[in-house]
Amino acid sequence: MASGGVRAPTPRWGLALGGAALLLLLLPAATAQACSQSTNRTCEECLKNVSCLWCNTNKACLDYPVAKILPPGSLCQLSSARWGVCWVNFEALIVTMSVIGGTILLGVAVCCCCCCCRRKRSRGPDKSEEKAMREREERRVRQEERRAEMKSRHDEIRRKYGLFKEENPYARFENN
C-alpha cells in the first residue's frame, strides 16, 4: 500500500480485455448456432454471418469448413455453394480470383523485367555504341598514321631541296 493509506487506482482496461477474450472464446459456439438457424431461410440472411456458407441445392446454411480451403463436395457442390455474396457461386469466385491474381502476378513480372532491362541499358554502353566507339578510335589512329607519313614525306622532300628548317637556326654558327 502507498503511504497515507491511499489505494492506487485499478486499471479499468483489464476488465475490458477480459470481456473481449471471453467473447472471442464464445464466438465460435454462437456462429455455429447462427448458421444452423438460418437453414431454410434466404441466402442473404445466411451470409450476414461471415463464417457461414449457403448451399443453393438444399437451401441449407452451413458452417464454412475453416480447416479446408475449399468446401468438400460432400458438404456442397462448388457450383451451388455461395460465400460472401449470393449472386456469385464458389466456382465463379475461384476462377475470377485466379484470373485477377494471375494478372497481378504477370503485371509484376513484366514491371520487374522492364526495370531490369532499363537498369542494364543505363549501366554502360550497349554493343552498337561500343562498336561505334571502336570504329571511331580506329579511324583516329589511321588518320594519325597518315598524318605522320605525310609529314615524313614532306620532311624528306624539304631535305632533298634544302628547304628543311633546322630546329635551332643559330646552331650553324655554334658549330663553326
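Here's a quick tour of the sheet, the cores, the annotated span and the charged pairs in this predicted model.

Residues are numbered from 1 along each chain as its sequence is written. Because the model is predicted, local features need pLDDT of at least 70, side-chain atom pairs count only at pLDDT 80 or more, totals for chains, interfaces and linings use all residues, and side-chain values use heavy atoms, with hydrogens and water left out.

**The sheet**

- Three strands line up as S2-S1-S3 in an open, antiparallel sheet; strands (E, at least two residues) and helices (H or I, at least four) are DSSP runs numbered from the N terminus, and two strands pair if DSSP finds at least two bridges between them.
- S2 (60–63) and S3 (81–82) are the edge strands, each with a single partner strand, so one side of each has no neighbour in the sheet.
- S1 and S2 are joined by four bridges, and Leu 53 has Leu 62 as its bridge partner in S2.
- Those two strands make a hairpin with four residues between them, and Lys 59 in the turn has a positive phi of about 50°.
- S1 (residues 52–55) is joined to S3 by two bridges, with Cys 55 partnered by Ala 81.

**The nonpolar cores**

- A nonpolar core is a set of buried Ala, Val, Leu, Ile, Met, Phe, Trp, Tyr and Cys residues joined through side-chain atoms within 4.5 Å; buried means under 20% relative accessible area, exposed over 50%, and partly exposed in between (1.4 Å probe, protein chains only).
- The largest core has seven residues, among them Cys 43, Leu 47 and Trp 54.
- Helix H2 (43–46) and S1 each give two or more residues to this core.
- A second, separate core of six residues includes Leu 53, Tyr 64, Cys 76 and Phe 90.

**The annotated span**

- An unreviewed UniProt entry places a "transmembrane region" at residues 92–117; such annotations may be inferred rather than shown by experiment.
- In the model, that span is 100% helix, and its end C-alpha atoms lie 37 Å apart.

**Charged pairs**

- The whole structure has six salt bridges, each a side-chain nitrogen of Lys or Arg within 4 Å of a carboxyl oxygen of Asp or Glu.
- Glu 135 and Arg 139 form one of them (4.0 Å, N to O), and both lie in helix H4 (residues 127–160), four residues apart.
- Arg 140 pairs with Glu 137, with their closest N and O atoms 2.4 Å apart.
- Arg 153 and Glu 149 also meet in a salt bridge (3.9 Å, N to O).
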